[in-house]
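Please keep the sequence and the model in view while reading.

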Amino acid sequence: MAERSSIEWTDATWNPVRGCTKISPGCKHCYAETFAERFRGVKGHPYEQGFDLRLVPEKVNEPLRWRHPRRIFVNSMSDLFHEGVPDSYIAAVADVMVRANWHTYQVLTKRSARMQDLLKDRLRFAAAQAHIWWGVSVENKRHGLPRVEHLRSAPARVRFLSIEPLLEDLGRIDLSGIHWVIVGGESGFGARPMKPGWVVSVRHQCREQNVPFFFKQWGGVHKSRSGRLLDGRTYDEMPDALGANELVRKRHEIGDRLRLVAQGSLES
Ligand code: SF4
């Protein structure tokens, strides 16, 4: 697990699966593939096999060993619902998320039909948990909007959309049953441009439908230059479910402080 992540909407990443295959236009400049392929053939490196899909069983229990609560992006370097990942393995990952319930998990997929089916069946025990957020990627109308329908009909307690890279105007989006929307433009070499009007339209619909809105970045070849201001401000809203998790987080922090005070290593 990476203890810190530079991704704006998460704290850490956890990859019990590595590697993936492309499924839709949003994958064209997949950052995970670019990163992983850099290390293909490097003996002993976690990405020695490049971006080839593989399970990493020794990583499955990691969140249980991580004491401090974090928001964890699950499989930032893969897709948990990839057809090459067995149902039993996905269930084992979900079981850890349920047991290590002091963290908040952000599970994001483009294989939304499979996620929907499993949440209705084998993953039902995890679907109802407020600390596990289930999300789909939405890059365009044709591939992205059907994923929203899959997500909406899944029995998930917290549902979110990652609209990144936003490749066109999405038009009208039904956000009923959706608890959080992230929007971002593509970054890096060859990044496809994102028009401000497309972002403003999503923000407007989030406001109308009372859904928290997070603006991640404009992207582009130099994403640090284009930044993440929209109409002069940042948007870092989070799902309401976070309220409960913030309480858990604070409880742990207070517990830690009290322990240190009791040990005499911190002035009260
Ligand atoms: S689904 Fe995600 S991880 Fe897999 S290739 Fe596409 S962008 Fe990359």
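The sections below treat the basis of the report, the ligand, a group of strands and some individual residues.

## Basis of the report

The model is predicted: local features need pLDDT of at least 70, side-chain atom pairs count only at pLDDT 80 or more, and totals for chains, interfaces and linings use all residues. Residues are numbered from 1 along each chain as its sequence is written, and side-chain values use heavy atoms, with hydrogens and water left out.

## The ligand and its surroundings

Which residues surround the ligand? They are Cys 20, Thr 21, Lys 22, Cys 27, Cys 30, Ser 78, Lys 110 and Arg 111; a residue is near a molecule if one of its heavy atoms lies within 4 Å of it. Sorted by class, this shell holds three nonpolar, two polar and three charged residues. In this scheme Ala, Val, Leu, Ile, Met, Phe, Trp, Tyr, Cys and Pro count as nonpolar, Asp, Glu, Lys and Arg as charged, and the others, Gly among them, as polar.

The largest pocket is where the ligand sits. A pocket is found on a 1 Å grid over the protein atoms alone, as an open set of points where a 1.4 Å probe fits, with protein on both sides within 12 Å along at least five of seven lines. A molecule sits in a pocket if more than half of its atoms lie within 2 Å of its grid points.

Helices (H or I, at least four residues) and strands (E, at least two) are DSSP runs, numbered from the N terminus. Strand β8 spans residues 180-184, and five of its five residues are buried, where buried means under 20% relative accessible area, exposed over 50%, and partly exposed in between (1.4 Å probe, protein chains only). Both faces are covered: Trp 180, Ile 182 and Gly 184 lie on one side, and Val 181 and Val 183 on the other. In β9, too, five of five residues are buried.

Strand β7 (residues 158-163) runs parallel to β8 and is joined to it by four bridges; two strands pair if DSSP finds at least two bridges between them. Phe 160 has Trp 180 of β8 as its bridge partner. Four bridges also join β8 to the parallel strand β9 (residues 213-217). Here Val 181 is partnered with Phe 213, and Ile 182 with Phe 214. From β8 the chain passes through helix α7 (residues 196-208) to β9 in a right-handed β-α-β crossover; right-handed means that, with the strands pointing away from the viewer, the path from the first strand over the helix to the second runs clockwise.

## Individual residues

Most residues other than glycine have a negative phi, and most peptide bonds are trans. Between Glu 164 and Pro 165, however, the peptide bond is cis, with omega about -5 degrees; Pro 165 lies in the loop between β7 and β8. Asn 75, in the loop between β4 (71-74) and α3 (87-99), has a positive phi near 60 degrees. Asp 231, in the loop between α8 (223-226) and α9 (242-262), has a positive phi of about 50 degrees.

Is each of these two residues buried or exposed? Asn 75 is buried because its relative accessible area is 1%, whereas Asp 231 counts as exposed because its relative accessibility is 59%.

Note on methods:
1 Å grid on protein atoms, 1.4 Å probe; cavity = no way out; pocket = protein on both sides within 12 Å on 5 of 7 lines; lining within 4 Å.
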